[in-house]
Amino acid sequence: MVKVIEKNLIKLKEPAVIIPLKKWKEIEETIEDLEDAVRFNIVFEESRGERLISLEEIKKKYRLK
């Protein structure tokens, strides 16, 4: 919660960090990339030993060009 004390002064109930929006967007993107990498690694590990399907087999199975 924020309490405004004066025009340019506020009091916070808990610790906070103020950073430029551009930097925050970079941090968000990095976090999303890391989450994607974790999901990929989990799926990759779970799929070990399974039969792989070639692109040609997929195209044939789903009648793709």
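Start with the charged side chains: a search of the whole structure finds four salt bridges, a salt bridge being a side-chain nitrogen of Lys or Arg within 4 Å of a carboxyl oxygen of Asp or Glu. This is a predicted model, in which local features need pLDDT of at least 70 and side-chain atom pairs count only at pLDDT 80 or more, while totals for chains, interfaces and linings use all residues. Residues are numbered from 1 along each chain as its sequence is written, and side-chain values use heavy atoms, with hydrogens and water left out.

**Stop 1: three of the salt bridges**

Select K23 and E26. Their side chains form a salt bridge, with the closest N and O atoms 3.6 Å apart. Both residues lie in helix α1, three residues apart, which is about one turn of the helix. Helices here are DSSP runs (H or I, at least four residues), as are strands (E, at least two), and they are numbered from the N terminus. E26 counts as partly exposed because its relative accessibility is 39%, and K23 is partly exposed at 44%. The classes are buried (under 20% relative accessible area), exposed (over 50%) and partly exposed in between, with a 1.4 Å probe and protein chains only.

Next select D36 and R39. This salt bridge has an N to O distance of 2.3 Å. R39 and D36 are separated by about one helical turn, because they are three residues apart in helix α1. Both ends are partly exposed: R39 has a relative accessible area of 48%, and D36 is at 40%.

Then select E45 and R48, another salt bridge, whose closest N and O atoms are 3.6 Å apart. R48 counts as exposed, at 53% relative accessibility, while E45 counts as partly exposed, at 49%.

**Stop 2: the aromatic pair**

Where are the paired rings? The structure holds one aromatic pair. Select F40 and F44, which are stacked, at 6.0 Å centre to centre and 20° between the planes. Rings of Phe, Tyr and Trp (its six-membered ring) pair if their centres lie within 6.5 Å; planes under 30 degrees apart count as stacked, over 60 as edge-to-face and the rest as tilted. F40 and F44 are four residues apart in helix α1, so about one helical turn separates them. F40 counts as exposed, at 54% relative accessibility, and F44 counts as partly exposed, at 40%.

**Stop 3**

Accessible areas come from the Shrake-Rupley method with a 1.4 Å probe, and for residues only the protein chains shown count as cover. I27 counts as partly exposed because its relative accessibility is 31%.

**Stop 4: the segment after α2**

Select R63, found in the segment after α2 (55–61). Its phi is near 50°, a positive value in a residue other than glycine. R63 is exposed, with a relative accessible area of 79%.

**Stop 5: the whole chain**

Clear the selection and zoom out. The chain has two helices and two strands, in the order β-β-α-α along the sequence. Its C-alpha atoms fill a box of roughly 70 × 30 × 20 Å, taken along the principal axes. The radius of gyration is 24 Å, whereas a compact globule of 65 residues would have one near 11 Å; the value is taken over C-alpha atoms, and the globule rule is 2.2 Å times the number of residues to the power 0.38. Buried residues make up 0% of the 65 residues. The accessible surface comes to about 7,100 Å², of which 60% belongs to carbon and sulfur atoms.

**Stop 6: confidence**

Finally, colour by pLDDT, the predictor's confidence in each residue, from 0 to 100. The chain mean is 85, and 91% of the residues reach 70 or more. Among the elements, α1 has the highest mean pLDDT (93) and strand β1 (residues 2–6) the lowest (65). Where pLDDT is low, the predicted coordinates should not be read in detail.
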